[in-house]
Amino acid sequence: MRLESTPELEEFRKRVRAFVAEHAPGIKSHAGVRAPEPELMPAIREWTAKLYDAGFLGINWPAEYGGRPDAHPLESFIVAEEITRARTWQPIGAAALASAALIEFGTDAQRARLLPRIRSCADVWCQLFSEPGAGSDLAALQTRARCEGDGADAVFVVDGQKVWTTNGQHADMGYLLARTDRDAPKHKGITAFAVDMRSPGVDVRPLREITGTTDFNEVFLDGVRIPVANVIGEVNDGWRVAMSSLGHERSGVAARGVELFAALDDLLRLATSTSVGGRPALEDSATRQEIGELATRAHVNAAMIKLAQSRMLHHTEQPADAALGKIFFSELNHDLVAFGMRLQGTDGLLVEGDPDAVADGWWQDAHLYSRAYTIAGGANEILRTQVAERGLGLPRDSR
């Protein structure tokens, strides 16, 4: 692996850091990929639009839609890192996924209509993939779309249920997968759609989690009519559309390394201010050893990110790269915040809003949310199977 920064990239990083410091909409107080409170939405929409307007988002889009195709491939990673370093809000919604699908598979009319509204954040997108019986095994989805009519006047009528839809309560548009041929093999017969979330028959129901927030939603689709012009790609080719767009969204991986080092800094401060056996926890040898182990794992995680970036630049990516990075990050993140909870003892039970809670309850919130990272984007158990089969070439698991 050889991955070195250049003076041009360092200058770009300085510009991004200065822009974030001037325009960011404040500190994001909760851990993880969280949905904002409704009153924050106007500021976050404005912030997201400013990032696009400054050329820091949509970098790899075609030039006619505001992209900079000659930009260095690592610029998108730098933007994600600097936003995370400032502990502010990442761009909201599933616009990165939707735009990747539209750019690669959409029609000229779809791109002209939808991409400018993504850049201005007039439309917040959500991802309508997972279902109660189709999470890690996405190809098992059962939401149905049947075609009515012919030609340009045809519509698809959609019935089904989606779940774990982040920002569904804020979304204007949805990137939907639905089954259009029930007789086709499992990974066939699926079609991708752009759906207006204000359409009759769309019912978004927020899910309250153990953190007390409502980041995820159930979305019920009851006779929702989608114009044939909103099909992304070809009918019955939605699995390829979805897998391609998921492969394009990699910049968030870089932000995970920054997130871990920020939490590690917080852990060091916590170990200085809490006590073990009547003295600062940081003076306890067992505490120092555990922090040292967590720091070592954080540096290994950073090296894995750099390796994945290097392979991306040289077009030598391997099937296991993304899965390994996600597994390693999510389990290290859990162990780090769990140790922070243990350092606090019974004070770790104090929640946000309690005047005696450490860091206003951030550690408890982060600990409760850390399990979500081990499930979101594919449960770690499923990903380990993928690493074994696709990365190591081991015999397929019997199902």
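1. A salt bridge, as the term is used in this note, is a side-chain nitrogen of Lys or Arg within 4 Å of a carboxyl oxygen of Asp or Glu. By that criterion the side chains of Arg342 and Glu290 meet in a salt bridge, with 2.7 Å from N to O. This pair links distant parts of the chain, since Arg342 belongs to helix α9 (residues 321–344) and Glu290 to helix α8 (residues 285–313), 52 residues apart.

2. Before going further, please keep in mind that this is a predicted model, in which local features need pLDDT of at least 70 and side-chain atom pairs count only at pLDDT 80 or more, while totals for chains, interfaces and linings use all residues. Residues are numbered from 1 along each chain as its sequence is written, and side-chain values use heavy atoms, with hydrogens and water left out.

3. The protein has eleven helices and ten strands, where helices (H or I, at least four residues) and strands (E, at least two) are DSSP runs numbered from the N terminus. Its radius of gyration, taken over C-alpha atoms, is 22 Å, close to the 21 Å from the globule rule (2.2 Å times the number of residues to the power 0.38) for 399 residues, so the protein is as compact as a globular protein of that length.

4. Of the 399 residues, 47% count as buried, a label that means under 20% relative accessible area, whereas exposed means over 50% and partly exposed lies in between (1.4 Å probe, protein chains only). Of the contacts with a separation of 6 or more, 71% come from residues 24 or more positions apart, a contact being heavy atoms within 4.5 Å.

5. The structure holds 25 salt bridges, and one of them joins the side chains of Lys186 and Asp137 at 2.8 Å, N to O. Lys186 lies in the loop between β4 (173–179) and β5 (190–196) and Asp137 in the loop between β1 (125–128) and β2 (144–148), so the pair ties together parts that are 49 residues apart in sequence. Lys186 is partly exposed, with a relative accessible area of 40%, and Asp137 is also partly exposed, at 38%.

6. Asp266 forms a salt bridge with Arg269, the closest N and O atoms being 2.4 Å apart. Because they are three residues apart in helix α7 (residues 251–273), Asp266 and Arg269 are separated by about one helical turn. Asp266 is buried, at 12% relative accessible area, whereas Arg269 counts as exposed, at 52%.
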